[in-house]
Amino acid sequence: MLVKPPLLSVAEATKFLAKSAVPLTDIEIVPTLEANGRVLAAPQVSQINVPGMDNSQMDGYAVRAAECAGGETRLRVSQRIPAGHVGTALEPGTAARIFTGAMVPEGADAIVMQEACELTKDADGDHVIVRHVPQAGEWIRTIGEDIRSASTILPSGVRLRPQELGLAASVGLATLPVVRKLRAAVFFTGDELTMPGEALKPGAIYNSNRFLLRGLLENLGCEVKDFGIVPDQLQATRDTLRAAAASHDLIITSGGVSVGEEDHVKPAVEAEGRLNMWQIAMKPGKPLAFGEINRNGDASGKAFFIGLPGNPVSTFVTFLIFVRPFLLRLQGVENVVPRVLAMRADFNWPKADRRQEFLRARFNDQGGLDLFPHQGSGVLTSTVWGDGLIDNAPGKTIAEGDLVRFIPFDHLLN
Ligand code: AMP
Ligand code: MG
């Protein structure tokens with residue numbers, strides 16, 4: 001009797017990959033303007049307070065609050081302070097015309113917005129009638145209220161988004177230390193694969209995974225080298241693996257990781273390095289190969305290898321679940337776990353699977369989730385229709401109204 005090997009759980013495979021990912025140590029100093037999407041290699045500390053001085057949050061008048069405490073108050077306008085200019089100390093009994101972002105003059109302790117004031121051009125100079133009783137501190141942004149000098153503004157291991165770049169710029173950081181980009185190589189196995197633009201011969205299909213994988217890797221900040229379609233032959237597969245390992249950190253392939261006669265990835269990786277062949281308890285995407293390819297001439301050097309299944313939805317989902325956290329870890333990212341939402345299922349899923357399922361679903365206007373009707377591992381339409389994946393535990397059915405774990409693609413693709 002043939003005994004099936006036990007399936008590896010998604011959690012076990014994830015743990016194994018996390019343990020194996022050795023973060024890159026090469027650091028580059030890049031202009032902050034060009035650091036979008038990069039991973040910060042060292043914590044950043046502010047040398048300044050932000051704001052650097054007490055400044056006005058409104059266009060209006062800077063006053064002494066105590067002088068306006070009695071209700072409507074008439075004050076002489078003694079100076080005008082636009083943003084970027086420095087006024088003089090506020091004389092008692094006067095107000096300063098002031099604009100948003102301008103430094104509050106010494107002596108003033110509140111801003112009254114211009115809508116609560118009336119300017120009068122009198123014979124003895126400009127005056128303002130203040131019709132609001134301000135509190136001390138009103139409409140003043142105080143020095144250091146956003147960032148205190150010597151505080152850490154960004155920890156190491158964050159992926160820099162536009163808001164992190166804005167924060168770094170707000171404390172004057174012109175350059176940032178980042179981890180060098182991960183060099184990823186991809187190739188695709190299968191004699192049936194044809195490139196869009198070429199005629200489709202009988203039995204052939206287009207190489208959709210090429211577009212999927214390149215886009216996924218680019219989104220996650222990798223430099224991608226594409227070795228294209230490799231014929232289903234042992235020697236060709238070995239040659240490509242060796243060439244890719246020479247100058248890349250990670251090699252990713254699609255197809256050929258089942259154990260059929262036409263699946264040459266396994267023996268090729270074993271000949272060029274080391275391999276773990278996994279059958280993972282997940283759907284879509286059961287076979288997954290993880291290993292290392294030796295680099296020529298350097299016994300210690302190696303490139304990581306991950307072989308994804310060929311069915312496009314399996315390729316996509318296994319990438320998101322396994323490759324994404326792995327390559328983020330290699331790039332030194334600290335937080336690689338995607339945010340999961342608890343969402344209401346507006347559908348029934350009565351047939352439990354013994355494997356962990358990743359169902360394509362999308363938000364509906366009622367605040368719940370609809371399921372794509374065809375969950376086949378070749379049905380790429382489901383990934384375009386969907387907004388994300390329901391992470392459904394092994395053996396679990398879903399009834400309308402149940403809460404499910406939903407991972408939006410937005411949390412996985414970047
Ligand atoms: P394999 O893992 O090589 O046995 O392939 C499983 C299925 O995925 C087969 O139907 C292949 O034709 C299909 N497939 C393999 N590679 C690709 C690819 N690059 N693009 C689209 N489909 C593929
Ligand atoms: Mg194949």
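What volume does the largest cavity have? In this predicted model, the largest cavity has a volume of about 50 Å³, where a volume is the space filled by probe spheres set on grid points joined across faces, edges and corners. A cavity is a set of points, on a 1 Å grid over the protein atoms alone, where a 1.4 Å probe fits but cannot get out, whereas a pocket is an open set with protein on both sides within 12 Å along at least five of seven lines; lining residues have an atom within 4 Å of a point.

A search of the whole structure finds 1 cavity of 30 Å³ or more. Thr14, Leu17, Ala18, Ile321, Phe322, Pro325, Phe326 and Arg329 line the largest cavity, and the elements giving two or more residues to this lining are helix H1 (10-20) and helix H6 (312-330). H6 contributes the most, with 5 residues; helices (H or I, at least four residues) and strands (E, at least two) are DSSP runs numbered from the N terminus.

The largest pocket holds about 620 Å³ of space, and among its 19 lining residues Arg159, Arg161, Arg324, Asn335 and Asn414 lie nearest its centre.

Ligand 1 sits in the second largest pocket, in the sense that more than half of its atoms lie within 2 Å of the grid points. The elements that give two or more residues to the shell around ligand 1 are strand E15 (205-206) and helix H3 (208-219). This shell has 15 residues, the closest being Glu192, Asn207, Gly256, Gly310 and Asn311, with a residue counted if one of its heavy atoms lies within 4 Å. Polar contacts, pairs of N or O atoms within 3.5 Å, are listed below.

| Residue and atom | Atom of ligand 1 | Distance |
|---|---|---|
| Glu192, polar side-chain atom | oxygen | 2.6 Å |
| Ser208, polar backbone atom | nitrogen | 3.3 Å |
| Asn209, backbone N or O atom | nitrogen | 3.4 Å |

The protein covers 77% of the 480 Å² of accessible area that ligand 1 has on its own, as computed by the Shrake-Rupley method with a 1.4 Å probe.

Residues are numbered from 1 along each chain as its sequence is written, while chains are lettered from A and ligands numbered from 1 in the order in which they are written. Because the model is predicted, local features need pLDDT of at least 70 and side-chain atom pairs count only at pLDDT 80 or more, totals for chains, interfaces and linings use all residues, and side-chain values use heavy atoms, with hydrogens and water left out.

Methods. A polar contact is a pair of N or O atoms within 3.5 Å; within protein, one must be able to donate a hydrogen and the other to accept it, and residues adjacent in sequence count only if both atoms are side-chain atoms.
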